[in-house]
Amino acid sequence: MTKQQNNKKEQLIKDLNFDLSHEYGAVIQYSYSASVVSGLYRSALKPFFEEEITDELGHAMYLSEKIKSLGGIPTTKAAEVPQPTEVKDILEAVLKSESDTIVRYEERRKQAEELGYTELVVTLEDMIADETGHKEEVERLLLDSRFQ
Ligand SMILES: [Fe+2]
Ligand SMILES: [Fe+2]
């Protein structure tokens, strides 16, 4: 591995750790959202939020393993998560997290490709598909006329 490739690998490990902290943040955000969501939407949104926790935890576990495999130390810190209380604000905060995550994984996919990490590229694509599914669900929930 050339010095330049090694620098790219170090940067990738650092960035994957940032992603990992955000996946832990997503677990907390969905758990928080399931707990505080109130009003008429609670019965629909609580199970929706709870289901997302499993996906995000799976992403976190994958990233943690991958960081270690690449020679890094997986972070144990979760990213800061906002604490909105209104349903619309909760959904918008989730939408922002998912959108930001997709942008990061598109970038990470390019970095992994440059280093020839095919398995990481493919898994990031799966994760982009998962996050896009989450994002689109939340966008559709926000289409409710009472949120306009
Ligand atoms: Fe995720
Ligand atoms: Fe997600």
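Ser97 sits in helix α3. Here helices (DSSP runs of H or I, at least four residues) and strands (runs of E, at least two) are numbered from the N terminus. The model is predicted: local features need pLDDT of at least 70, side-chain atom pairs count only at pLDDT 80 or more, and totals for chains, interfaces and linings use all residues. Residues are numbered from 1 along each chain as its sequence is written, while chains are lettered from A and ligands numbered from 1 in the order in which they are written.

Ser97 is buried, because 23 other C-beta atoms lie within 10 Å. A residue counts as buried with 20 or more other C-beta atoms within 10 Å of its own, as exposed with 12 or fewer, and as partly exposed in between; the C-beta atoms are placed from the backbone. Beyond its neighbours within four places in sequence, Ser97 is in contact with Ala26 and Gln29. Contact requires C-beta atoms, placed from the backbone, to lie within 7 Å. Ser21 is 76 residues from Ser97 in sequence, yet their C-alpha atoms are 12 Å apart in space.

The chain as a whole holds 4 helices and 0 strands. Its elements run α-α-α-α from the N terminus. The C-alpha trace spans about 60 × 25 × 20 Å along its principal axes. Of the 148 residues, 27% are buried. Among contacts with a separation of 6 or more, 76% join residues 24 or more positions apart.

Helix α3 covers residues 87-114. Its 28 residues should span 40 Å at 1.5 Å a residue, and its end C-alpha atoms are 41 Å apart, so the two values agree. The expected span is 1.5 Å times one less than the number of residues. The buried residues of α3 include Val87, Ile90, Leu91, Val94 and Ser97. Glu98, Thr101, Tyr105, Arg108 and Ala112 are also among them. These buried residues pack against α1 (3-36) and α4. Just after α3 comes Gly116, with a positive phi of about 75°.

Helix α4 (residues 118-141) packs on α3 at an angle of about 160°, with the axes 9 Å apart. The two helices are therefore roughly antiparallel. Axes are lines fitted to C-alpha atoms, for helices over the stretch in contact, and angles run from 0 to 180 degrees between N-to-C directions. Angles under 35 degrees count as roughly parallel, over 145 as roughly antiparallel, 65 to 115 as roughly perpendicular, and the rest as oblique. The crossing of α3 and α4 is left-handed. That term means that the near helix is turned anticlockwise from the far one by less than a right angle; clockwise is right-handed. The α3 and α4 contact involves 13 nonpolar, 4 polar and 9 charged residues. Ala, Val, Leu, Ile, Met, Phe, Trp, Tyr, Cys and Pro count as nonpolar, Asp, Glu, Lys and Arg as charged, and the others, Gly among them, as polar.

Helix α2 (residues 42-69) also meets α4: their axes come within 11 Å and cross at roughly 160°. This pair is therefore roughly antiparallel. Its crossing is left-handed. Glu52, Asp55, His59, Tyr62 and Lys66 in α2 meet Leu120, Thr123, Met127, Asp130 and His134 in α4. This contact divides into 3 nonpolar, 3 polar and 4 charged residues.

The 28 residues of α2 reach 41 Å from first C-alpha to last, close to the expected 40 Å. Buried positions in α2 include Leu45, Phe49, Glu52, Glu56 and His59. The buried residues of α2 pack against α1 and α4. Gly71 follows α2 and has a positive phi, near 100°.

Terms used: Two residues are in contact if their C-beta atoms, placed from the backbone, lie within 7 Å.
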